[in-house]
Amino acid sequence: MNNPSAVVTLKNGGKIKFEMFPEKAPKAVASLICLAQKGVLNNRTIQRVVPDFVIQPVFMEEGETEDYRYVIDGEFSQNGFYTGAKMEKYSVAMAGDGETYASGSQYFFTLSDEAAKKLNGKFTVIGKVTEGFKELERIQNSPLKPFDCGDISITVNVPVTPEIIVSFEVDTYGETYQMPPILKYI
């Protein structure tokens, strides 16, 4: 059986491809697949860029009426869920509180092994980038401007020229995935 895969296509035509790990993070992978199949992950702006750390698309665009912001059980060791998935450079993981829960919709790409070490065990690893490394490098090295994220200890940036994800497509190789239990909407 093949693991599901995703292709993130940017407005400039660039693509980032990654393999998903449903055996290591079944709830988070299922959540992202279900949202992708509904088209919810299309037309998203990359909102958070921390060079040599992470790139994260925004999930809710201003003015949207549908709210897919919810959290699910965190599938990571800090939460007592041992997956065997180790975060490393170019891992794909779900955002969350780093203690108990994971976002059901917000994912990020790690950009360095140092970042992965800081995040390992605190966030659900859902996959690994297989193609598109140059696109991630291009985005992190593009002109950036500070973005106010509230009370966090690192400087977060947004690209000066918006980076838009026009499509997020998944290939499940014929497998069916069901939406996991939602803990709460945020």
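This is a predicted model: local features need pLDDT of at least 70, side-chain atom pairs count only at pLDDT 80 or more; totals for chains, interfaces and linings use all residues.
Residues are numbered from 1 along each chain as its sequence is written, and side-chain values use heavy atoms, with hydrogens and water left out.

**Salt bridges**

- The structure holds 6 salt bridges, each one a side-chain nitrogen of Lys or Arg within 4 Å of a carboxyl oxygen of Asp or Glu.
- Glu163 forms one of them with Arg138, and the closest N and O atoms are 2.7 Å apart.
- That pair ties distant parts of the chain together: Glu163 sits in the loop between strand E10 (157-159) and E11, Arg138 sits in helix H3, and they are 25 residues apart.
- Helices (H or I, at least four residues) and strands (E, at least two) are DSSP runs, numbered from the N terminus.
- Arg138 also meets Glu135 in a salt bridge, at 2.8 Å from N to O.
- Both Arg138 and Glu135 belong to helix H3 (residues 133-140), where they are 3 residues apart, or about one turn of the helix.
- Arg138 counts as partly exposed because its relative accessibility is 30%, while Glu135 is buried at 15%.
- Elsewhere, Glu114 pairs with Lys118 in a salt bridge whose closest N and O atoms are 3.6 Å apart.
- Those two residues lie in helix H2 (residues 113-119), 4 residues apart, which is about one turn of the helix.
- Glu114 and Lys118 are both exposed.

**Strand E1 and its partners**

- Strand E1 (residues 5-10) has 5 of its 6 residues buried, so the rest of the structure largely encloses it.
- On one side of the pairing list is strand E11 (residues 164-171), which pairs with E1 in the antiparallel sense over 6 bridges; two strands pair if DSSP finds at least two bridges between them.
- In that pairing, Ser5 stands opposite Asp171.
- E1 also pairs with strand E2 (residues 15-20), again antiparallel, over 5 bridges.
- Here Val7 stands opposite Lys17.
- The hairpin of E1 and E2 has 4 residues between the strands, and Gly13 takes a positive phi near 95° in it.
- Which residues does Ser167 touch, not counting those up to four places away in sequence? The answer is Val7, Val8, Thr9 and Asn42, where contact means heavy atoms within 4.5 Å.
- Ser167 lies in strand E11 and is buried, with a relative accessible area of 16%.

**Helix H1**

- Helix H1 (residues 26-37) has 12 residues and reaches 16 Å from its first C-alpha to its last, close to the 16 Å expected at 1.5 Å a residue.
- That expected span is 1.5 Å times one less than the number of residues in the helix.
- Since 9 of its 12 residues are buried, H1 is largely enclosed by the rest of the structure.
- Among the buried residues of H1 are Ala28, Leu32, Ile33 and Cys34.
- The buried residues of H1 pack against several strands, including E2, strand E6 (91-96), strand E8 (125-131) and E11.
- Gly39 follows H1 and has a positive phi, near 85°.

- E5 pairs with E12 in the antiparallel sense over 2 bridges, and Tyr70 stands opposite Tyr185.
- E5 is joined to E7 by 3 bridges, and these strands run antiparallel too; in this case Val71 stands opposite Ser103.
- Tyr185 is placed in strand E12 (residues 184-185), and it counts as exposed because its relative accessibility is 55%.
- Together with Met179 and Ile182, Tyr185 forms a nonpolar patch on the surface, with about 270 Å² of accessible area in total.
- Patches are made of residues with over 30% relative accessible area and no salt bridge; like charges are joined within 9 Å, and nonpolar side chains (Val, Leu, Ile, Met, Phe, Trp, Tyr) within 5 Å.
- Accessible areas come from the Shrake-Rupley method with a 1.4 Å probe, and for residues only the protein chains shown count as cover.

Key: Buried means under 20% relative accessible area, exposed over 50%, partly exposed in between (1.4 Å probe, protein chains only).
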